[in-house]
Amino acid sequence: MTSHLDQVQSFCASQRWFGEKGHDVHVEAVATSTWLSDADAWPAVRIGFVYCAGPPGAESPIRVYQLPLSYHRAPVENLGHALVGEWTEPDLGDTEVWVYDALHDKEATPYWLDGLTHGRNLDGLEFHPVQAPEGSIEVPEDAQSLVLTVEQSNTSLVFSDVALLKVFRRLEPGSNPGVEIESALTEAGSELVPEVLGSARGRWPRAGGGTDSGELAMMTAFQKNATDGWTFATSSVRDLYAEADLHAEEVGGDFAAESHRLGASTAQVHSELAKALGTDIWEPAKLVEHANAMRRRLDKAAAAIPELARYADGLARAFDALAAYDQPVTVQRIHGDFHLGQVLRTIDGWKLIDFEGEPAKSLVERRALDTEVKDIAGMLRSFDYAARSLLADHQGDQQIAYRAAEWVTRNQQAFCDGYAEAAGSDPREQSVLLNAFLADKVIYETLYEARNRPSWLMIPLSAAAQLAEH
Ligand SMILES: Nc1ncnc2c1ncn2[C@@H]1O[C@H](COP(=O)(O)OP(=O)(O)O)[C@@H](O)[C@H]1O
Ligand SMILES: O=P(O)(O)O[C@H]1O[C@H](CO)[C@@H](O[C@H]2O[C@H](CO)[C@@H](O)[C@H](O)[C@H]2O)[C@H](O)[C@H]1O
């Protein structure tokens with residue numbers, strides 16, 4: 001039989017949440033938590049912590065992934081897709097066991113719901129229910145779980161269409177910014193994020209000795225019947241391309257009113273975040289540091305992606321302007337990786353989700369204060385993505401390309417108008433900051449697409465060409 005580490009490695013490698021694509025990696029060890037299940041209960045359930053090393057030669061630190069495990073004494077017919085492996089388990093009396101990703105196992109997931117409902121405190125695992133405000137959501141104790149099938153970096157379970165449990169896969173010690181921010185906004189009474197219902201923290205052995213601790217999962221109110229912003233916006237673009245002789249404002253699926261509302265909701269969340277978690281000031285010297293960091297990211301990306309290199313001088317002008325900016329800038333906690341996939345249109349309006357920041361950044365960077373302009377730039381880029389991602393089917397069609405550009409401008413302007421009305425100041429007036437963050441985001445996206453979706457590389461590259469002309 002293959003060793004149990006090899007089986008864990010093959011399973012992880014086949015999972016969307018495993019962030020180790022594109023390089024050689026090996027699973028060095030698997031540690032486990034205390035049992036969530038009672039002694040002698042089957043399936044036996046606990047959390048696995050998977051330690052990954054590599055690529056060979058690179059001095060990257062060990063990465064830890066969370067893999068909840070359910071152990072059965074016989075194979076479970078409908079769980080084949082979640083089978084991690086089959087081995088003899090010393091911690092279960094040397095029994096032969098079939099081990100599954102517990103998040104897919106309806107016999108195992110009630111332990112998470114029970115832990116959160118009753119605030120269980122097990123050795124090394126603490127479940128924290130959030131005090132539910134009056135009239136707020138109650139999750140039935142016998143609620144069944146369903147794994148969400150959307151593309152995501154973590155794994156989310158929906159309990160009875162009422163609550164969503166997001167189980168973090170890549171673990172880092174310290175406060176998870178998503179839990180921190182969404183809890184702070186919930187406590188402040190915000191209606192613009194799904195209400196946080198609870199979270200789970202845990203301890204795991206640190207590679208090299210000691211113990212680390214951090215958030216393992218967060219439960220929020222499930223937004224039944226919501227549409228994510230990307231699906232909503234791209235259906236508007238599809239409508240427009242189907243009627244290429246009409247302007248964006250003339251087709252049924254015009255999105256500008258939604259973009260306007262989204263701008264206003266974004267401004268309101270920024271204001272709530274500033275109130276709840278405070279602000280600071282970046283003096284001009286700090287802006288020089290940021291401009292230099294942006295410049296370094298550009299140099300690195302241009303060295304890796306030759307098609308970007310030709311726009312490097314043009315893009316760098318935006319960073320030079322930032323370095324020369326002589327006004328102090330107010331900074332605060334922000335979303336950090338804001339795009340149309342991070343907003344949900346519910347019947348009560350837009351709600352913002354996933355405040356974890358850019359996945360590849362360290363926790364310290366993701367928790368740092370920044371300017372709201374970074375989020376605004378992120379969303380403006382996303383409108384461009386929505387229109388261009390559907391252009392592939394209309395290559396060479398000038399009429400559609402023209403309509404696409406019109407849609408982007410119309411929705412970017414509507415978003416900024418909505419933002420300006422709610423915030424009392426117009427982000428377009430901060431053009432030095434906005435241009436620098438737009439250029440920085442385009443560089444980030446170029447690297448992201450080169451690594452993850454090469455067929456979409458043209459989207460940020462076309463934007464780089466436009467920005468470089470500025
Ligand atoms: N509270 C919620 N209610 C309904 N759907 C949600 C909720 N939170 C997330 N989703 C859905 O799950 C998707 C992935 O969520 P996200 O938090 O971005 O996951 P990840 O960080 O793992 O990528 C979202 O695009 C949305 O469709
Ligand atoms: O949602 P994540 O936090 O995992 O963000 C990463 O993946 C995003 C893609 O899903 C990526 O966003 C880019 O593509 C989007 C369309 O798929 C587009 O709307 C965004 O504007 C664009 O940046 C994001 O950058 C990345 O961090």
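In the predicted model, helix α12 (residues 431-452) packs with helix α13 (residues 458-469) at an angle of about 150°, and the axes of the two helices are 9 Å apart. Because angles over 145 degrees count as roughly antiparallel, α12 and α13 are assigned to that class. The crossing in which α12 passes α13 is left-handed. On the α12 side, the contact is made by Leu438, Ala439, Val442, Glu445, Thr446 and Glu449; α13 contributes Pro460, Leu461, Ala463, Ala464 and Leu467. Sorted by class, the residues in the contact of α12 with α13 comprise 8 nonpolar, 1 polar and 2 charged.

A further element of the model is an open sheet formed by 3 strands, arranged in the order β14-β17-β18 with antiparallel pairing. Strands β14 (227-228) and β18 (349-352) are the edge strands, each of them pairing on one side only. Within this sheet, β17 (residues 343-346) is joined to β18 over 4 bridges, again in the antiparallel sense. The bridge partner of arginine 345 is tryptophan 350, which belongs to β18.

Key:
Residues are numbered from 1 along each chain as its sequence is written. Chains are lettered from A and ligands numbered from 1 in the order in which they are written. This is a predicted model: local features need pLDDT of at least 70, side-chain atom pairs count only at pLDDT 80 or more; totals for chains, interfaces and linings use all residues. Side-chain values use heavy atoms; hydrogens and water are left out. Axes are lines fitted to C-alpha atoms, for helices over the stretch in contact, and angles run from 0 to 180 degrees between N-to-C directions. Angles under 35 degrees count as roughly parallel, over 145 as roughly antiparallel, 65 to 115 as roughly perpendicular and the rest as oblique. A crossing is left-handed if the near helix is turned anticlockwise from the far one by less than a right angle, and right-handed if clockwise. Contact means heavy atoms within 4.5 Å. Ala, Val, Leu, Ile, Met, Phe, Trp, Tyr, Cys and Pro count as nonpolar, Asp, Glu, Lys and Arg as charged, and the others, Gly among them, as polar. Two strands pair if DSSP finds at least two bridges between them.
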